[in-house]
Amino acid sequence: MKKYLMDLKVVENQRLHRDYSLLKLTADEALPEMWPGQFAEVRVDGSPSTFLRRPVSIHYINRQANELWLLIRLAGEGTRRLAACRAGETVNLILPLGKGFTLPQTPVRSGILLVGGGVGVAPLLFLGETLKQHGCSPTFLLGFRTRNDILQLEDFRSKGTVYVTTEDGSAGEKGFVTDHSILQNERFEWIYVCGPKPMMMAVARYAAQTGAKCEVSLENTMACGIGACLCCVERTTEGHVCVCTEGPVFNINRLEWLVRDGKQQC
């Protein structure tokens, strides 16, 4: 897929939470083709100590409004500067980068689960919309620390059925996503995951045990986005690969999470 270097204009910067902002960006021309699970490398202007671009998942594409949405987690000076962008400002991006999620070959009316934790929910909104357009009916299982940390619940509900867990039990079921009763009460043919690595590994183990096809979106540090800096290397069954070019989405059977030297690892 062709890559573009583009200046996009900020349409809206919506602070969703003390730690998250939703940037809505547009261009004079039609936005290029992008796929769920891909990402952009965003240049940070106005921050003298931020030299490298920041990798950000493509959160959503609103074709009708010609908007690209980016969910920004305020983690350091670079992302804090991005979260401070105002309407009318210009943001420079390289996109789309990486390989995204695989859709079922034929529409699946049930049995598709999208699991996200924290900022890991970012690529799942676009994926849910794409699955819906493909004739599928996705189910979301989203995990947060407390009810105050829940992000864009109504947006996700517009794409499919949503279940929530919170660590303190203030909303949904108490515990981690892997504790949710839906995993015991329903069977899933496809599972897509993004979030903290321990969570993804636990869901990968569940998928392997139940025979579900499973893809995970890794969040390794991706400084360049083109496989040059080797910051994001991940060990796979085929050797070490750059997540930014070979991923960030991987089938769990390519990763050495499940079996190493014939022993269960997760």
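This is a predicted model: local features need pLDDT of at least 70, side-chain atom pairs count only at pLDDT 80 or more; totals for chains, interfaces and linings use all residues.
Biologist: Is strand 2 mostly covered or mostly exposed?

Modeller: A residue is buried under 20% relative accessible area, exposed over 50%, and partly exposed in between, using a 1.4 Å probe and protein chains only. Strand 2 is mostly covered, with seven of its seven residues buried. On one side these are Tyr 20, Leu 22, Lys 24 and Thr 26; on the other they are Ser 21, Leu 23 and Leu 25.

Biologist: Which strands pair with strand 2?

Modeller: Two strands pair if DSSP finds at least two bridges between them. Strand 1 (residues 4-17) is joined to strand 2 by seven bridges and runs antiparallel to it. A hairpin of two residues links these two strands, and Val 10 has Leu 25 as its bridge partner in strand 2. Strand 6 (residues 67-73) also pairs with strand 2 in the antiparallel sense, over seven bridges; there, Arg 73 is the bridge partner of Tyr 20.

Biologist: What is the order of the strands in the open sheet of seven strands?

Modeller: The order is 11-10-9-8-12-13-16, with mixed pairing. Strand 11 (173-174) and strand 16 (249-251) stand at the edges, each with a single partner strand, so one side of each lacks a neighbour in the sheet. Strand 16 is joined to strand 13 (residues 213-217) by three bridges, and the two run antiparallel. Within this pair, Val 216 has Phe 250 as its bridge partner.

Biologist: Which strands pair with strand 8, and in what sense?

Modeller: Strand 8 runs parallel to strand 12 (residues 190-194), to which five bridges join it, and Leu 114 has Tyr 192 as its bridge partner there. Strand 8 itself (residues 112-117) is mostly covered, six of its six residues being buried.

Biologist: Which helix makes a β-α-β unit with strand 8 and strand 9?

Modeller: A crossover is right-handed if, with the strands pointing away from the viewer, the path from the first strand over the helix to the second runs clockwise. Here helix 2 (residues 122-133) makes a right-handed unit with strand 8 and strand 9.

Biologist: Where is Lys 3 placed, and what does it contact?

Modeller: Lys 3 is in the segment before strand 1 and is partly exposed, with a relative accessible area of 48%. Contact means heavy atoms within 4.5 Å. Leaving aside neighbours within four places in sequence, Lys 3 is in contact with Leu 95, Pro 96 and Leu 97. Lys 3 and Glu 33 are 30 residues apart in sequence, and their C-alpha atoms are 9.6 Å apart in space.

Key. Residues are numbered from 1 along each chain as its sequence is written. Side-chain values use heavy atoms; hydrogens and water are left out. Helices (H or I, at least four residues) and strands (E, at least two) are DSSP runs, numbered from the N terminus.
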